[in-house]
Amino acid sequence: MALCPEIFRQRAIIEGLYGINEINEQTVSQVLQVMTKTLGMTPIADLLIFSPDHVSELHHGIGGFQAWAESGCSLYTWREQKLFTLELYSCKPFQVSDCILKLQQLLKVERVEWRNIPFDS
């Protein structure tokens, strides 16, 4: 049995290997803005862009988060492996295929895997 079945929730995780040379703050911002526009979401705060480079020996890359009225979207990257993870969570339905198409265009994705995570029983 699902908790609070009256609240629609959709979560998807998209991971892939990117083909562009570098992901920087501008790239993270662009990806999150394009996801917001593509999915018709409503931003409720400024983008948060972060990097663990100076404090982590394990993770080197850059990431970001965009809060939406409908929930939010996070992007994480690993520079050495050219790996990215995009996590989407929304109380409004969306098409994962739309996100993958935009990611392929923006990041020149070479390989992609994804999962929709259902909240029903």
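Predicted model: local features only at pLDDT ≥ 70, side-chain atom pairs only at ≥ 80, totals over all residues.

Trainee: Which residues touch the most other members of the largest nonpolar core?
Mentor: Ile-14, Phe-84, Leu-86, Leu-88, Phe-94, Leu-103 and Leu-107, out of 25 residues. Such a core is a set of buried Ala, Val, Leu, Ile, Met, Phe, Trp, Tyr and Cys residues joined through side-chain atoms within 4.5 Å; buried means under 20% relative accessible area, exposed over 50%, partly exposed in between (1.4 Å probe, protein chains only).

Trainee: And which elements give two or more residues to this core?
Mentor: β1 (10–17), α1 (25–39), β4 (71–78), β5 (83–90) and α2 (96–107). Helices (H or I, at least four residues) and strands (E, at least two) are DSSP runs, numbered from the N terminus.

Trainee: Switching to strands, how many bridges join β4 to β5?
Mentor: Eight, with the strands antiparallel; two strands pair if DSSP finds at least two bridges between them. Cys-73 sits opposite Leu-88 in β5, and in the hairpin, with four residues between the strands, Lys-82 has a positive phi near 55 degrees.

Trainee: How many residues are in the hairpin from β3 to β4?
Mentor: Two residues join them. β3 and β4 are antiparallel over six bridges, and Trp-68 faces Ser-71 in β4.

Trainee: Where is Phe-65?
Mentor: Phe-65 is in strand β3 (residues 63–68), and is partly exposed at 31% relative accessible area.

Conventions
Residues numbered from 1 in each chain as written. Heavy atoms only, no water.
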